[in-house]
Amino acid sequence: MSNTVCVIGLGYVGLPLAIAFDNAGVETIGFDIDEEKVSTLSQGADPTDEVRDAAIANSTVTFSSNASVIEEATHVLVTVPTPIDELKNPNLEHVTSAGELIGEHITRGTTVVLESTVYPGATREILAPAIEKTSGLTVGEGFHIAYSPERMVPGDEDHSLANVVKIVSGESEDVLVDVTSLYEEVVDAGIHQAPEIEVAEAAKCIENIQRDLNIALVNELAVACESMDLDTHDVLDAAATKWNFHEYHPGLVGGHCIPVDPFYIIYESERNGFQPRLINQAREVNEYMPEFVAEQTIHALNDHGNVLRDSTVLVLGLAYKPGVNDLRTSAIGGTIEKLHSFDVEVVGWEPYADDEMVRDEFGIEPVSTAVADADAVILATPHEEFLDVDFPARYGGTGTTIPLVDVVGALNKAAFDGSDVEYVRI
């Protein structure tokens, strides 16, 4: 029996997934409740800029906002957002809504695979009951469930769906074998079969928790080094000469995964009676960093006699990472907010996002160049467009010292020697 895959949610994860299955010759349906997005895709355009217009135009994916298409699927892959709420608890309303919608249209025998990040147990506790509620079917009999966390990196061809090992799990051995066979159609790097759904759910969380902890360590080091008047990067460069030293650098932690996933493990762990202090402390350190960047900028402005309420700071790079246009989870927003609290005017250039997106997300005025009239510059996201700018030539020779705060240490420190630009790296 041939498979028909229906991908629920056509964002940065779901759309590449749908195109991959289509390219593999699997009959593929792409469903999203956003009618405008579906219309754009149906016209051969990629609203995410992740797979490009040509891939959409050349595909045979059926894009639809009509949930009845779910009835045609043998496998439904759920790739909906799983954020946290204001109290930093998991917000699984999209998983619940997707499950209920699937239940209204599911065909008996269909396997539903959740790819979104959730806490251990959520596929059984949240998704399955939602499907049961509206379908009248029972999990394990009328339909099947599986979990296979997304691991692709948006904007990174080296870590695309095909190039990263895929974790799969299922409610039974038969489901595990079936889902393994399905994903082997699109993953070249191999499949790892987790023994339980909950193991796969926890693995997804710990992948990003590990990164969060490592980044928190060097971020805390950066704060400590500043108090001791040491250059953090010089310290790390020296330490990195040891064979077993793991290289991480200070920076802002944004995105949809690292700042969110730890709270899923924290939530479920605390529900079971254990408070994971180290994971919590790492989050506290990384959540402080946007404020620390702002404080360093303010100190530099004050050191050079600038009146804060008359000062303008230019922020270069507003996306959460280089090479993407996603502003929604960028940690630089905390830096901008802190600067605004001191009545500092902030402008920004984000070459991958349009001006209206910048205004809506950060409440600042966008500029269209990497250099502009400013009293200080923050290099927040090191897009390639910024790395070859001759900042000493642009800001030097005026008789006024301009601080440039390099959040990730992307620029050559020596290039600023003897110039009117004070190079500050976190």
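How many bridges join S13 to S14, and do they run parallel or antiparallel? Five bridges join the two strands, and they run parallel. Strands here are DSSP runs of E with at least two residues, numbered from the N terminus, and two strands pair if DSSP finds at least two bridges between them.

Before I continue, a word on the basis of these remarks. This is a predicted model, in which local features need pLDDT of at least 70 and side-chain atom pairs count only at pLDDT 80 or more, while totals for chains, interfaces and linings use all residues. Residues are numbered from 1 along each chain as its sequence is written, and side-chain values use heavy atoms, with hydrogens and water left out.

Let me place S13 in its sheet. Six strands make up an open sheet with parallel pairing, in the order S11-S10-S9-S12-S13-S14. Its edges are strand S11 (365-366) and strand S14 (421-425), each of which pairs on one side only.

Strand S13, residues 402-406, is largely enclosed by the rest of the structure, because five of its five residues are buried; buried means under 20% relative accessible area with a 1.4 Å probe, protein chains only. Ile402, Leu404 and Asp406 lie on one side and Pro403 and Val405 on the other, so both faces are covered. On the S14 side, aspartate 406 stands opposite arginine 425. Strand S12 (residues 376-379) runs parallel to S13 and is joined to it by three bridges, with isoleucine 378 partnering valine 405.

Elsewhere in the sheet, strands S9 (residues 312-316) and S10 (residues 345-349) pair in the parallel sense over five bridges. Within that pair, valine 313 stands opposite valine 346.

A cavity is a set of points on a 1 Å grid over the protein atoms alone where a 1.4 Å probe fits but cannot get out, and lining residues have an atom within 4 Å of a point. There are two cavities of 30 Å³ or more, a volume being the space filled by probe spheres set on the points.

The largest cavity holds about 40 Å³. Its lining consists of Leu236, Asp237, Ala240, Phe245, Glu247, Tyr248 and His249.

The second largest cavity holds about 30 Å³, and its lining includes Glu115, Glu150 and Arg151.

Finally, glutamate 27 is found in strand S2 (residues 27-31). Its C-alpha atom is separated by 4.9 Å from that of threonine 4, 23 residues apart along the chain.

Note on methods:
Helix = DSSP H or I, 4+ residues; strand = E, 2+ residues; numbered from the N terminus. 1 Å grid on protein atoms, 1.4 Å probe; cavity = no way out; pocket = protein on both sides within 12 Å on 5 of 7 lines; lining within 4 Å. Buried < 20%, exposed > 50% of the residue type's maximum accessible area, 1.4 Å probe, protein only.
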